[in-house]
Amino acid sequence: MAESKLAAGSKIAAPPRGLPAWLEIPLGGILVEPGNAVEYRTGSWRTRRPIHDPARCTSCMICWLYCPDDAIVVREQKVVGVDKDHCKGCGICARECPVKGAMNMAEGGAY
Amino acid sequence: MPRLIGLTGDGATAEAMRQIDPDVVAAYPITPQTEIVERFAEFVADGLVNTEFVAVESEHSAMSACCGSSAAGARTITCTSSQGLALMHEVLYIAAGNRLPIVLINVNRTLSAPLNIHCDHSDSMGSRDSGWIQLYCENVQEVYDTVIQAVRIAEHPQVMLPVMVNLDGFVLSHSVERLELLDDEQVREFVGPFQPVVDLLDLEHPPALGALVAPEFHFEHKYAQWLATDGARAVIEGVGCEFGERFGRSYGLLDLYRLEDAELALVVLGSTAGTARAVVDDLRERGIRAGTLRIRCFRPFPADEIVGALQGKKAVAVMDRAGTQGGEGGPVFGEVRAALHTRGVLLPVINYIYGLGGRDVPAASVARVFTHLGQVAEAGKVDRAVNYLDLRGWN
Ligand code: SF4
Ligand code: SF4
């Protein structure tokens, strides 16, 4: 987590990195800063993994649109692969991809 | 200057709420609601308060609206009774777990079935483990004083927990008693402004409340909540003491009556304590060393204080105005007995389940509990642990 903006001027202390002890957790389970879902590594749930083939991909962005975890990595308007920390292996990208073979699911979570 | 008037428990509660002038009152304004909200709605309509009154479509919604408004930094109060509290049950845990300092005034009435609208403690005892602080009042004056104190207890930065103020249905809610009212200014000064620890509308640092908490964090949250609840004992005493210094009526966790040199002790909650005092006076005149211990604060449970007060007694009777179907005796009995046993104080303790569904509790019946208690003290052991006061066909 980036240095919490809140910790400076706020009454609420930001939790430290790692797994904090009970007294280090903010009151009432509040999230003290926005956008911290990025901290949650949903990639650890993965039992299958999408394999992207840039040779076939047309960068139509369908997979980017459908991915529930925002795990399709796009650079300069081209799909370049999958965010391994957050891709949970649901297979939606491969199912929705209109180009045969551009995104295929393979068994096993590890890349 | 304090004013002396005659008012019901409902009226006194509404009056305290008018003086507190909360930011939001969300309530379900029909049965099982009591007159409190009806009276308060009149204050709103007459422009006597600045409160946003939210008339919702159920008690579940009432507590949900209270959670939202409290999280947004608004001082929030609601009232309910009986089935209404039961319908709030799910959301009670959310209020406590999210550390929202809502004040709820609950008129103690039994839960259906059989359908009955009269007093017992089965409603609030059903939510005793929901994480709310629970205070039980003996008379209308205490109801009024406690509603005012509840705001300070709930919002104390070391507490930040919801508080349930309980008053016995009809016995207190609908009976006119002598009441000493404080000035509006005195009340406003005592409660002060609400300074929320978490404020969802803090645009500089917008937090999120009620998000998913994974198994790696849930247990730690619950522990923090337990410690805050435990720590509330000192705050309840502190606020009750400060109230006494300012207005002449002090309150604590327990209320002891002629207990110090007593041999026979009766433990009781709520309005029955008044009857028990009269019985104690009568017994004392006849040379029987009787006394009462009224538990004002049931959550957090003041185990050390109770054991300290009961230590050295010959026998103890715990009065429960609720049962635990299938458990051994009532909820107060179980906890008092466990507290004594855990601390190695092994004295005979009996339980009386009484007054369910509004069954009257005359002095003669309380006197019979003391008679039984005398026999237990003499024998030095419990003959029958769980007893039912004035139940026809039981002996
Ligand atoms: S849906 Fe298929 S073709 Fe379209 S960008 Fe994704 S991988 Fe490439
Ligand atoms: S498998 Fe699911 S989570 Fe992973 S990239 Fe594809 S759509 Fe996103």
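I call a residue buried under 20% relative accessible area, exposed over 50% and partly exposed in between, with a 1.4 Å probe and protein chains only. Helices (H or I, at least four residues) and strands (E, at least two) are DSSP runs, numbered from the N terminus.

Ground rules. The model is predicted, with local features needing pLDDT of at least 70, side-chain atom pairs counting only at pLDDT 80 or more, and totals for chains, interfaces and linings using all residues. Residues are numbered from 1 along each chain as its sequence is written, chains are lettered from A and ligands numbered from 1 in the order in which they are written, and side-chain values use heavy atoms without hydrogens or water.

Strand β7(B). I checked residues 163–168 of chain B and found 6 of the 6 buried, so this strand is largely enclosed by the rest of the structure. Val163(B), Val165(B) and Leu167(B) point one way, while Met164(B), Asn166(B) and Asp168(B) point the other.

Next I looked up its partners, counting two strands as paired if DSSP finds at least two bridges between them. β5(B), residues 103–108, runs parallel to β7(B) and is joined to it by 6 bridges. There Asn108(B) has Asp168(B) as its bridge partner. β6(B), residues 133–136, also pairs with β7(B) in the parallel sense, over 4 bridges. Leu135(B) sits opposite Val165(B). From β6(B) the chain passes through helix α6(B), residues 140–155, to β7(B) in a right-handed β-α-β crossover (clockwise from the first strand over the helix to the second, with the strands pointing away from the viewer).

Helix α1(B). How many of its residues are buried? I counted 12 of the 12, so the helix is largely enclosed by the rest of the structure. The buried residues include Asp10(B), Glu15(B) and Arg18(B). Just after the helix, Asp21(B) takes a positive phi of about 50°.

Sheet in chain B. I traced an open sheet of 6 strands in the order β9-β11-β10-β13-β14-β15, with mixed pairing. Its edge strands are β9 (254–257) and β15 (386–388), each pairing on one side only. Inside the sheet, β10(B) and β13(B) pair in the parallel sense over 4 bridges. Leu264(B) stands opposite Ala315(B) there.

Ligands. I took a residue as near a ligand if one of its heavy atoms lies within 4 Å. Around ligand 1 I found 13 residues, and Cys57(A), Cys60(A), Met61(A), Cys63(A) and Cys97(A) come nearest. The residues around ligand 2 include Cys67(A), Cys87(A), Cys90(A) and Cys93(A), as well as Lys88(A).
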